[in-house]
Amino acid sequence: MEGSSRTLRLYNTLTRSIEPIYPLERNRLRLYACGPTVYTYAHIGNFRSFLTADLIVRVAQALGWQTVYVCNITDVGHLTVDDYADASGEDKLERALRSEEGRRFPNIWDLARYYTQAFLEDWQALKLVEPDVRPRATEHIRQQILAIEQLVKTGHAYETRQGVYFHVPSFPDYGKLSGNRDPEQLARAVRDVVQDPEKRDPRDFALWKKDEKHLMQWYSPWGWGFPGWHIECSVMSMEYLGETFDLHLGGEDLIFPHHECEIAQAESLTGKPLARYWVHTRFLLVEGEKMSKSKGNFFTVRELIFPLEAGGHGIDPMALRYALISGKYREPLNFTRKHLRDSIRIVQRYQEAARHVEAALESDRSGPDRLGDRLSTIYDKTLEALCDDLNTPVALATALEGVKLILGFGDQLNRASAESARRWLEQIDALLGFVYPPERPCAHTRREKDPFVEKVERLLAERDAARRARDFARADAIREQLLQMGVEVMDTPEGTRWRRKVLV
């Protein structure tokens with residue numbers, strides 16, 4: 001079933017065309033995916049992008065290629081508007097620490113560690129391929145400082161009283177990835193950025209910010225401060241994959257400015273292309289709208305897969321994985337309740353097929369293999385669809401034909417056919433990743449409380465106290481606050497119960 005003669009074809013943002021992927025080293029794909037900034041729980045839109053990288057790794061391995069996969073963790077506090085302070089002067093991690101949920105952490109380092117661990121647990125629960133290297137920005141500060149020093153030395157960067165900046169006019173190719181080449185257009189793109197009056201050009205972006213009050217800071221040749229956002233990925237990708245590697249991935253929001261700035265920094269350092277292919281995943285919508293906490297349609301992976309008794313929705317992580325990969329990565333995915341219900345039913349059919357197969361393998365029914373050749377053809381067509389710019393809708397529809405074929409035998413499946421069916425299910429699982437649950441126990445099986453649950457229970461206790469005091473206006477106000485949080489409150493003879501608004 002191995003499709004080594006096939007070629008993986010992907011849309012290259014750099015050339016704006018679908019191209020065959022030819023690794024620099026024969027049959028060895030080196031790829032880098034931008035990971036999360038760990039200041040809160042990752043949402044389903046984040047994981048849609050990570051799943052694109054996951055599928056590419058799986059397809060490459062199915063083609064017989066070796067893969068060297070790097071996905072970073074951004075555990076340095078970066079400022080909320082590009083690399084500069086917004087009106088509050090706080091970065092994402094500092095703002096999170098000062099939030100209601102963040103106050104439970106003694107310091108910003110513990111907050112970053114906590115959300116890093118939560119992210120890794122969600123990653124495992126959705127059964128994403130583990131990267132070969134998962135570098136953390138805080139562990140590569142020295143390399144970032146050395147890179148900035150070299151950029152200053154070669155005239156690509158300069159120092160001001162506020163920081164060190166990359167001088168965009170020193171890199172004529174700036175804008176080649178995003179198409180933002182016009183200087184006036186680029187200047188408008190950064191019009192909301194707080195400007196350093198000593199910057200030479202409004203497009204120049206921060207490599208290092210001088211700040212002795214920042215909660216995360218390191219000593220550098222320019223004094224105490226912290227690195228800009230973009231420099232970490234340039235440094236870490238080249239350290240583990242070389243000065244030029246095959247494939248760079250991320251969400252479409254990273255094309256500009258993040259990936260554009262990565263290219264400028266790295267190629268100014270080496271004089272070589274950073275990555276040959278750039279792949280970007282489109283945004284995820286929920287019920288046709290952009291995700292927003294104010295709209296009540298903002299979902300983290302954790303709240304969806306945690307059990308009901310832990311304040312979650314109790315959704316099978318494999319069904320969530322299926323839902324998130326069911327649309328083409330280059331098109332917006334509309335995540336709806338119907339979509340999720342359909343994904344749950346389909347994954348349950350795979351699980352039913354796996355049970356039928358295991359039961360047949362324990363039986364003594366003999367006979368010829370009536371499934372092997374047909375399932376092999378279905379696998380080949382599934383892989384072929386994925387090689388065609390990750391056409392997951394066609395791949396999933398094709399693979400489902402194999403499940404229907406297995407279930408069509410019912411209880412009459414013999415051992416020889418069952419052995420072929422199990423091999424096929426394992427191969428589809430290796431390719432698409434949702435047939436079997438993760439081998440190791442996942443975070444979603446733990447019945448721990450997250451900050452959301454703790455907040456709900458605290459508000460319910462306040463509401464109960466208000467009702468006992470006959471302060472019904474306060475009790476109603478708390479109930480309304482909970483409704484705005486997506487929580488349904490039920491007063492029963494046994495006491496107050498609650499649940500998240502039913503998603504499916």
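Start with helix H9, residues 317–325. The buried residues here are Pro-317, Met-318, Ala-319, Leu-320, Arg-321, Tyr-322, Ala-323, Leu-324 and Ile-325. Buried means under 20% relative accessible area, exposed means over 50%, and partly exposed lies in between, with a 1.4 Å probe and protein chains only. Nine of the nine residues of H9 are buried, so the helix is largely enclosed by the rest of the structure. Look at its start. A side-chain oxygen of Asp-316 comes to within 2.9 Å of the backbone nitrogen of Met-318.

A word on the ground rules. This is a predicted model, where local features need pLDDT of at least 70 and side-chain atom pairs count only at pLDDT 80 or more, while totals for chains, interfaces and linings use all residues. Residues are numbered from 1 along each chain as its sequence is written, and side-chain values use heavy atoms, leaving out hydrogens and water. As for the labels, helices (H or I, at least four residues) and strands (E, at least two) are DSSP runs, numbered from the N terminus.

Next, a pair of strands. E10 covers residues 245–251, runs parallel to E11, and is joined to E11 by six bridges. Two strands pair if DSSP finds at least two bridges between them. Which residue of E11 is the bridge partner of Gly-251? That is Thr-281. To get from E10 to E11, the chain passes through helix H7, residues 255–270, in a right-handed β-α-β crossover. Right-handed means this: with the strands pointing away from the viewer, the path from the first strand over the helix to the second runs clockwise. Why is E11 largely enclosed by the rest of the structure? Because six of its seven residues, 275–281, are buried.

Stay with H7 for a moment. Pro-257 sits in this helix. The peptide bond between Phe-256 and Pro-257 is cis, with omega about 10°.

Now charges. The structure holds 28 salt bridges. The cut-off is a side-chain nitrogen of Lys or Arg within 4 Å of a carboxyl oxygen of Asp or Glu. Asp-246 is buried, at 0% relative accessibility. Arg-276 is partly exposed, at 29%.

Another pair is Asp-110 with Arg-113, 2.5 Å from N to O. Both are in helix H3, residues 108–125, and being three residues apart, they are separated by about one helical turn. Asp-110 is partly exposed, at 24%. Then there is Glu-25 with Arg-30, where the closest N and O atoms are 3.3 Å apart. Glu-25 is partly exposed, at 32%. Arg-30 is buried, at 11%. Finally, Arg-463, Arg-467, Arg-479 and Asp-491 form a salt-bridge network.

What about a buried charge with no salt bridge? Glu-19 is one, and its nearest side chain of opposite charge is Arg-276, 7.3 Å away. In that count, Lys and Arg are positive, Asp and Glu are negative, and His and the chain ends are not counted. Glu-19 lies in strand E2, residues 17–20. Its side chain does make a polar contact of 3.5 Å with the side chain of Ser-17. A polar contact is a pair of N or O atoms within 3.5 Å; within protein, one must be able to donate a hydrogen and the other to accept it, and residues adjacent in sequence count only if both atoms are side-chain atoms. Beyond four places in sequence, Glu-19 touches Leu-8, Arg-9, Leu-10, Asn-12 and Tyr-277. Contact means heavy atoms within 4.5 Å.

On either side of E2, check the loops. Arg-16 is in the loop between E1 (9–12) and E2. Arg-16 is not a glycine, yet has a positive phi of about 60°. Asn-27, in the loop between E2 and E3 (28–33), also has a positive phi of about 60° without being a glycine. Arg-16 is partly exposed at 40%, and Asn-27 is partly exposed at 36%.

Last stop: Leu-431, in helix H13, residues 415–432. Leu-431 is buried, at 1% relative accessibility. Its C-alpha is 8.6 Å from that of Gln-61, 370 residues away along the chain. Outside four places in sequence, its contacts include Leu-55, Arg-58, Tyr-379 and Leu-386.
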